[in-house]
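Dear colleague,

Please find below the structure that I am handing over to you, together with its sequence. My findings follow directly after it.

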Amino acid sequence: MATRPDEAKAAALEATVARVRERIHGHEADELERFVRRYYEHVAPEDLVERSGLDLCGAALAHWSLLRVRSPGEVKVHVYSPNVEEHGWECPHTVVETVVDDMPFLVDSVSMELTRHGSAIHLVIRPILDVQRDDEGELLAVESGNGRPESLIHVEIDRQADPAVLEQLRVDLLRVLGDVRAAVEDWPAMRQRALEIGAELAQRPLSDHGEAAEARELLAWMHEGHFVFLGYREYDIGSEGGEDVLRAVPGSGLGILREKGEQPVSVSFQELPPEARKLAREKNLLNLTKANSRATVHRPSYLDYVGLKRFD
């Protein structure tokens, strides 16, 4: 007699919990059971029922191991192709596991990077857990009501065997998740800069007051939630060897344009043709264009560039 999908999922979870309790005992077993049930809570039945309790247990325990110790703000990424001999469980796909403070854009950004690598996505498990830790980052409890939200992402992609490919994917995901954190953490500061610049435009005399008003309206519109701020930086224009250069103003970078040891002179500006670089000295206030690089956060579209000039 066929069982309904929810009954089949419940049976698969019980088999998984039984496997957990075969391996782990005492207080940790109770914590792990809560973790496993929460881990698979929102996974569709069809993604669980064809897998053995051993493999479901192995996947959950692997992510639990990654979760057990994490410093404040640390981004953890594990990329591997499970096999019974090495990992105690198996999967037909390569597995990506992440642990990070919960924040917007995580799943979208991870999926974008995996797609950029040409990997098809077969399964996504995305629990958000209430996690309590001690001062050393050691896990004390999950779902106790006394912790902070941490996001776990389990993604299965086309299987890869080359260790170099797996390591490059791990490095690229760390970079992308770092961009997400920077953009989210600096979001309030970037919105505030939009307000401040709008106020400056209202006070400073400009030859074209119509353009200044238009720029203020655009900044207000962006601030009101119609624009996803990802990065902000100020530049001063100068000259080196008879050619214009843009020099980043130290300490001005926010979001994905935070200072990360980059060259003080904008390399991308130097790569523009001379006629394009000359536009930097034209007296237009507002510049709107598409950047030549795609976003690593939220959506895989080319970045929108909003430039406002300051005049002496």
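What percentage of the contacts in the chain with a separation of 6 or more comes from residues 24 or more positions apart? The share is 65%, where contact means heavy atoms within 4.5 Å.

Please note that this is a predicted model, in which local features need pLDDT of at least 70 and side-chain atom pairs count only at pLDDT 80 or more, while totals for chains, interfaces and linings use all residues. Residues are numbered from 1 along each chain as its sequence is written, and side-chain values use heavy atoms, with hydrogens and water left out.

Overall form

The chain contains ten helices and twelve strands; these are DSSP runs numbered from the N terminus, helices being H or I with at least four residues and strands E with at least two. The C-alpha trace spans about 80 × 45 × 40 Å along its principal axes. The radius of gyration of the chain is 25 Å, whereas a compact globule of 312 residues would have one near 20 Å. This radius is taken over C-alpha atoms, and the globule rule is 2.2 Å times the number of residues to the power 0.38.

Of the 312 residues, 41% count as buried (under 20% relative accessible area, with exposed over 50% and partly exposed in between; 1.4 Å probe, protein chains only). The chain exposes about 17,100 Å², of which carbon and sulfur atoms supply 52%; the areas come from the Shrake-Rupley method with a 1.4 Å probe. There are 37 positive and 56 negative side chains, and the centres of the two sets lie 3 Å apart. Lys and Arg count as positive and Asp and Glu as negative, without His and the chain ends, and each charge is placed at NZ of Lys, CZ of Arg, CG of Asp or CD of Glu.

Aromatic residues

The count comes to six aromatic pairs, a pair being rings of Phe, Tyr and Trp (its six-membered ring) with centres within 6.5 Å; planes under 30 degrees apart are stacked, over 60 edge-to-face and the rest tilted. One of them is the edge-to-face pair of Trp187 and Phe229, at 6.4 Å centre to centre and 85° between the planes. This pair links distant parts of the chain, 42 residues apart: Trp187 belongs to helix 7 (residues 187-203), and Phe229 to the loop between helix 8 (209-226) and strand 7 (231-232). Trp187 is partly exposed at 26% relative accessible area, whereas Phe229 is buried at 7%. A single aromatic cluster is formed by Phe35, Tyr39, Tyr40 and Trp64.

Helix 5 and its ends

Phe105 lies in the loop between strand 2 (94-101) and helix 5 (106-116). Its phi is near 75°, a positive value in a residue other than glycine, and Phe105 counts as buried at 18% relative accessibility. Within helix 5, the buried residues are Leu106, Ser109, Val110, Ser111, Met112, Glu113 and Leu114. Their cover includes strand 2, strand 3 (121-125), strand 6 (148-157) and helix 6 (163-185). Just after helix 5, Gly118 takes a positive phi of about 80°.

Two further loops

His298, in the loop between strand 11 (286-294) and strand 12 (302-308), has a positive phi near 80° and is buried at 18% relative accessible area. Ile256 is located in the loop between strand 10 (254-255) and helix 9 (267-270). Leaving aside residues up to four places away in sequence, Ile256 touches Asp179, Ala182, Leu230, Gly231 and Val297. Ile256 and Asp179 are 77 residues apart in sequence and 5.4 Å apart in space, C-alpha to C-alpha.

With kind regards
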